[in-house]
Every structure is written in C-alpha cells, then in structure tokens.
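Try each task before reading its solution.

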Amino acid sequence: MKRLLTALSLAASASLCLAAAPAPAPVQLTIDAGRVQGPMTPIWAWFGYDEPNYTTAPNGKKLLSDIAALSPVPVYVRAHNLMTSGDGSYALKWGSTGMYSEDKDGKPVYNWTIIDQIFDTYVERKMKPLAQIGFMPEALSQRPQPYQHRWKPGTPYQEIMTGWATPPKDYDKWAELIYQWVKHSVARYGREEVESWYWEVWNEPDGLYLIAPDTKLEYFKMYDYAADAVKRALPTARMGGPHTAGAGRFMDDFLQHVLHEKNLATGKTGSPLDFVAFHAKGSPKVVNGVVQMGMGTHFKRLDQGFALVEKYPELKGIPVIIGESDPEGCAACGMQTNPENAYRNGTLYSSYTAASIAREFDLAARRAVNLIGAVNWSFEFEDQPWFAGFRDLATNGVNKPVLNVFRMLGMMRGERVAVGGDQAYDAAAIMAGGVRGARTDINALASKDQHSIAVLVWNYHDDDVIDAGSPVELHIAGIPAGQVQLRHYRIDSDNSNSYTAWKRMGSPASPTAAQVAELQKASELAQLGAASTLDTPGGKATVRMQLPRQAVSLVTLRY
C-alpha cells in the first residue's frame, strides 16, 4: 500500500511538473513588404532528367502539364540523350532519338521524328528546352561498341559510360549535325521561339561523361565547334556552358578559354558564351539509422561556382544557370540500393527544397551574380514500383509532396521583400556547418506584387526526424490595404501528401482505381481551412501557426 501511495504521489508530482512546464515561445519572423530585396526571379521553374523518352509517355505528359500549370512563366526543361542513337525506348539513365545515322557510303542521314515529338510536348505546354547537344551518335562515336549500357541501381555508376560518351570522330560531320538540328528547329517552331531557348554542350565533362585522353582539351574543341554551328544556324541563339559537375579547375579553365584563348573551330579569339552553367549537389548519409542531409555541402558547391563567375569582370551580369541543383547526385538510385535516399518520398525532400531554393537567392547576391535558373533534376520514372525512392516528382502518375513546394513557389510573384526575426540559420551559417544544431531552421521567403503578399515558411533540419515542431508568428508590415483575404496552404504528414496516404492504405503494390483516385486527391496542394478576411490596421498583420518539423506553409494575403 505504501508503495502504491508513493507511486501515486510521484505520478501526481510529474503531472504537476508537466502542467507547469511553459509552452515553447513562438519563433518570430518579420516580413516587411515595404523593403524590396530584388526581383522574385522564378529560378525554381527549371527541371531536368536523364531519360528524354519519358517526356512522351502518358505519365510524363501528365507531369509536364502539372508543372506547366503551376508556373506563371514558361518552364525550362533540360534532358540528356537528345542526340543518342536508338529507337526511342527508355531505360534508367538512358534515352535516344536516333536523329543521326549514315548510309552505306558514309553520308549523313537526319531523322527528326523523335526529337520533334519531345520538343513538341514542351512547346505545346509553353515550356522551353534547355537544349543539350549530346550525346554522341553511334555513327560518330570514336569507340562505338558497346553503345547502349545496361546499368541498373546498385551496379557501379561507371558502367553507363559506353560508346555514347566519346567525342566525335569527325568534327565537321558533328558540327553539320548541330547546324542542321538548329536550322530544323527554327523551321519547325519559328525563329522567335528558338531564340527563347538555351543551347549547351554535353553534361559534366569534368566527371565521367566524356571519355578522351585529354577531356578538357576535347571538351573545349567540342564546345567551340558546337557554338559556331549553333550561331551559324541562328546568330541570335543563346549558347553557354560548361555544365561541369563541380566548380573547379576545369570550369575556371573553360571560362578562360572562351574569353581569351584561340577558338579551336574558327581560329579566332574566344568563343560565344551567353550564359554560364555548372552543377552543385548535397551529400546525404545514414547516421545511426537516420538519414542526415548535406545541405552545407550543397551550398559550398553553389558558392564555389558563383565565385568563379565573380572572378571574371567580363562576366559581370551574365545569366547563370545551376544546371543541376539537388540534395545528391543520382536520381535513378532508389532507396533500396541507396538507403541515404530514403528522404525522397516524404516531407524532408519538401522542406529541403523550400529552404535551399530560398537561400540560392542569398548565395547569388553574396557574389553579385545574375542567377536566372536552378534546375531541379527530378522528373518521373516509368515501370517502377510505387514510391520506390527515386528522386522524382511523381510516382506512377501521382504527384509526390515535393511537387507542392513548386506549386507554392508558383504563387510567389513580383519582388522579394525583407524577412527578419528570430532566425537560427542563414545561407552563410548553413554553408559553414549545415543544419545540424539543436534548433531547426525555421525561416521564410516572401514576395509581393500589385495585389498580393506571399510568405513561404519552412521548418527544416538535416536529420530526418519529425515532431510537433514549433509555434510560429509572422509579423507582416507594409501591407498596402486595410483589409486582406488570407489563405494558408500546407505540406506536412497530413496535408498535400500522397505518400502518407499510400502508407495509410497499407502501401499497396498495385493500388485499385479507387485508391489511385484517393492518392490523386491527397497529392493536391491542401489549403488549411477556408479563406478568411483579415483587418490590417496600419498595414500590419500577425499570422500564427503551429509548424511541424519538415512542414512547409504558404500564407497569401490578397488585396
């Protein structure tokens, strides 16, 4: 009896302690719509993928339509394998258009059928190609066999580097192919349309994608010949590069070459450069059974690229495109073979995307570079299990939570405005050490246009842990109206989340038609409650919320 009384007494004491524990103080964020930071450039409206033939698959067309619908501006699309030989069949990290072959006498045969189907799909949706001149057609390869790889997740990545990855054995024929492709594009789509595209050569020549004794010299030659061919076909076309895997010596030497050295195609000094492009990736890993993201690594690589552009006065103001900007480097490596990629289905990918895109504005401003695009290298994968953990925006035609971040960003227009307050991290702090501290990264990106203010808020941490999060208060000033219509959109475990809906079903390998319809509904961007009218005396408003860890909110005020 005495033990029972003691236990009851301890329990009562614990209850009193819990009752007395103060609620956590809200994180205070200030948004001043009167302080403009710069244009709300839609750097997020750029997407890419290895497998170009997914473009014309039914799920690919659906996803492209969804992406086009969410953006207020034309979306740019970058795909590999646009010149690769083959019949248009798709496989992981593979695709083909068969645009070039030769007859028995070695004369060129051009076939634009498949590339037209791909580009037609973009143009019909008012999308724009970031057209990649690559990879090498079999008839022009220096080492044609074996040509098509048989790579699959879990096998060494180097196995994909087959006959498509060589320089041309005949530069004149290769240049003529490029000239004819651009000329054909102008004839099919019109000069004004093709002038709005971007053209580039190859992918990551500093990495594994180019097989040559001297990859640097060979790439410079490829670029010079390709740029000359593009400009001969359309002098106003926009040409750039080098789309290196990282911002190191190779990229630096390339910039030096195109600015000051002998052009290997024309013999003149320099080569056309209308934009600079490089890639930057993070580095997730599994620590004590928990996925830990590497946003700090991602940001360091971004800054290195911006610093190289800043180094050359001649490049002041030149458009900069991050040709691939992602949490890690292999979209086709699922979580079964790469457990560090288990973040991709759920809200960690969503909150990472929101937090990283927002900071790309800050990192570019730090180096005074003109960032116009950051390609999210994720699309969809055909004939794969549901939620297999690929880095994709949709699975079997159902959009994943991360796509809703882009829907939120699509509502942010006009100008970026100042955000301040109780912030544990900024771009520099994340670059130095990631988001690894006791506090999570709760921060915001805000914009305004003539009729609205939009505030994107996230709760992010590198460690894949979900909890109740924190109360957050948004103190918004500079509202040019006495009354606004407030809407609140949310991505979390319960909202805008097809993945948790699928798990609640028991993770069916083959969902029924009714289940697919339910998943489609769950995949849409969710609004919390109905729109409400809010008085804003003195042009000010306070919006309060509970923001779970890994959640993303968008608050809009319309007037």
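**Exercise 1.** In which loop is Ser 496 found?

Solution. Ser 496 sits in the loop between strand S20 (483–491) and helix H12 (498–504). Helices (H or I, at least four residues) and strands (E, at least two) are DSSP runs, numbered from the N terminus. Before going on, note that this is a predicted model, where local features need pLDDT of at least 70, side-chain atom pairs count only at pLDDT 80 or more, and totals for chains, interfaces and linings use all residues. Residues are numbered from 1 along each chain as its sequence is written, and side-chain values use heavy atoms, with hydrogens and water left out.

Next, look at the backbone: phi of Ser 496 is near 55 degrees, a positive value in a residue other than glycine.

**Exercise 2.** Decide for Ser 496 and then Lys 126: buried or exposed?

Solution. Start with the cut-offs: buried means under 20% relative accessible area, exposed over 50%, and partly exposed in between (1.4 Å probe, protein chains only). Ser 496 has 3% relative accessibility, so it counts as buried. Lys 126 has 65%, so it counts as exposed. Lys 126 also has a positive phi, about 60 degrees, although it is not a glycine. Its place is the loop between helix H3 (113–124) and S6.

**Exercise 3.** What is omega for the cis peptide bonds from Gly 134 to Phe 135 and between Gly 241 and Pro 242?

Solution. For Gly 134 to Phe 135, omega is near 5 degrees. Phe 135 lies in the loop between strand S6 (128–133) and helix H4 (171–189). For Gly 241 and Pro 242, omega is about 10 degrees. Pro 242 belongs to strand S8 (residues 239–244).
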